[in-house]
Amino acid sequence: MGEAMRRWGGGLGTLFRILGITSLLFLYLPIVVLILFSFSAGRTFTFPIIGYTTHWYAALAENSDLLRSLKNSFLVAAGVVPLTLLLGIPAAYALSRIPFRGRGVLEHVFMLPLMIPGLITGLSILLLLKEFNLGLSLFSVVLGHTVACLPVVMAQVTARLRTLDPRLEEASQDLGAGTIETFLRVVLPNLTTAIVGSALLVFILSFDEIAITFMLTGTENTLPMYIWASLRRGVSPELCAIAALMVAVSICLVFTGLRFSKSGAE
Amino acid sequence: MAVQEGLTAPSSPERTRLWSQTGILVLFLGPAAAYALIFLILPYASVFRFSVWAVENYGIHQELTAANYLRIAENPLYRAAIRNSLLVAGIVTTASVVIGYALAVYIAFFSGRGQSALFFLLVIPLWTSFLLRAFIWRMILGRQGILNSALLWVGVVDKPIDVLLFNMFSVCLTLTYVFIPFVALPVYAALEKIPKDLIEASMDLGGSAWVTFRRIIIPLSLPGVVTGAIFTFCLSFGDFVTPTLLGGPDVLMVSSVIINQFGASFDWPMGSALAVIVIVIVATGVALATQLERRNG
């Protein structure tokens, strides 16, 4: 490293190191505190912490409302993940490879739910369902989550397709494979990392989603809706334990996702 | 290509190719497009349609009227709600851009060997429940919360501070906390693409670190900033979780009013009209930001 790069890392570097580390502390101290209090023996959130217990975690296993909402969240995600993948992957392929009139507009339409707040996406589907006299259930939640998660899959797959050499597909077609065969045997295998990555992301987005669920769920609660309902009565140590577990699950998923995308890149 | 078409479609290769392209398009894009039509375009259109109807005698009167919009324009409560949401979204976007940008620069250029671990730390919050990250602050900022008890314990204050929770401050703080990674990640992606040679060249030519930062790093990372700012603005503008959990009477936001129209007030047309206004504001924001990026790019 030359003298020039040393100057680059000098005063400016020190400034950004301080700012960066401060922001990381801002992001992570609350999470550390949350985990700490999920093990606190007292019911209140006050320092100093008097004793430690795993009682709150043990209590979760006996909370039937919680377990039911957890099961519902899994059910919803189990619908949303395959639905978004089945709709999104071929659509992203068609949009990136086949030129046609109105393509640009269509791309933007698909991305709308990323920009429009979930509350409004949720209530818009609610209005539609009411117009056709359809009731609310976990199924309507799946429909809503799919609208919101479809652009996530499409964006990830499109980004991967951009780095995929189109000559591979040309070669396959020159060798006599049709478009569908080329898609299944040449394109799809190359999309594995993007597909796994977006499946994980859609799973967690659906699992954590609240705004659309809030408008579209019937009598059943998902996990975030259960937390939401409990929060109206105030924060409790049980909620802290649930939150700490959710953070742990997120960390595992990100770790898996990054591991996977790295191994795919090599 | 011509050889292959000659083999598979001897009669009229061009037409066959065109037909098959259309067939493939329908097959691949059709299902997603149909889904988007039914569950995205029609619903958003419903919002517009409901917004020009009105409630009369506890039923929805399906006749074209601008009454809802006029009421929004006249009613100070609705106007305040829209203003509050704009203000909160503006503050949160500015704060998230500044903090997220600094964080991204630190990780991209100055974190040394820890870079991949720090990148990991940047992604985790994005994969962690929004609701959960909002409720952490309710725990921390409350009158008998973690921060107050810590301050009392250490002896910085002798009675709990009341002004931390249920006001504009707690809403903006929490939303900024939530959206910093939304800015930091796209900015980091943009910074990663800047060749290190460019920085070295600028420094070699006698530019100071500050000049290099201002003239090279900032312009080249602008697309990432715009992406992050758009997301932050749109999502914080329409959020209802944070104002409900941490807001107070002085921060009535438009999302809470909409929920009220769909719940207790049971005035769906009015709620829809407010939703249309949110959509219009969000769309204007996106258009302005894209324009800004194009002019600078």
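1. Chain A is helices from end to end: 13 of them and zero strands (DSSP runs, with H or I of at least four residues counted as helices and E of at least two as strands, numbered from the N terminus). This is a predicted model, where local features need pLDDT of at least 70 and side-chain atom pairs count only at pLDDT 80 or more, while totals for chains, interfaces and linings use all residues. On bookkeeping, residues are numbered from 1 along each chain as its sequence is written, chains are lettered from A and ligands numbered from 1 in the order in which they are written, and side-chain values use heavy atoms, with hydrogens and water left out.

2. On overall shape, the C-alpha trace of chain A spans about 75 × 70 × 30 Å along its principal axes.

3. Still in chain A, 50% of the 266 residues count as buried (under 20% relative accessible area, 1.4 Å probe, protein chains only). Of the contacts with a separation of 6 or more, 72% link residues 24 or more positions apart (contact means heavy atoms within 4.5 Å).

4. Now the cavity: the structure holds one of 30 Å³ or more. By cavity I mean a set of points on a 1 Å grid over the protein atoms alone where a 1.4 Å probe fits but cannot get out, with lining residues having an atom within 4 Å of a point. Points are joined across faces, edges and corners, and the volume is the space filled by probe spheres set on them. About 40 Å³ lies in the largest cavity.

5. Who lines it? A:Phe110, A:Val147, A:Leu150, A:Pro151, B:Tyr35, B:Ala36 and B:Leu40 do. Helix H7 (138-163) of chain A and helix H2 (13-51) of chain B each supply at least two of the lining residues. The lining has seven nonpolar residues, no polar and no charged (Ala, Val, Leu, Ile, Met, Phe, Trp, Tyr, Cys and Pro are nonpolar, Asp, Glu, Lys and Arg charged, the others, Gly among them, polar).

6. Have a look at B:Ser46, in helix H2 of chain B. B:Ser46 is buried at 1% relative accessibility, and beyond its neighbours within four places in sequence it contacts A:Leu127, A:Leu128 and A:Glu131.

7. B:Thr232 sits in helix H10 (residues 209-237) of chain B and is buried, at 0% relative accessible area. Not counting residues up to four places away in sequence, B:Thr232 touches B:Val92, B:Thr93, B:Ser96, B:Phe179, B:Phe182, B:Val183 and B:Phe237. B:Phe179 is 53 residues from B:Thr232 in sequence but 6.0 Å away in space, C-alpha to C-alpha.

Conventions: 1 Å grid on protein atoms, 1.4 Å probe; cavity = no way out; pocket = protein on both sides within 12 Å on 5 of 7 lines; lining within 4 Å.
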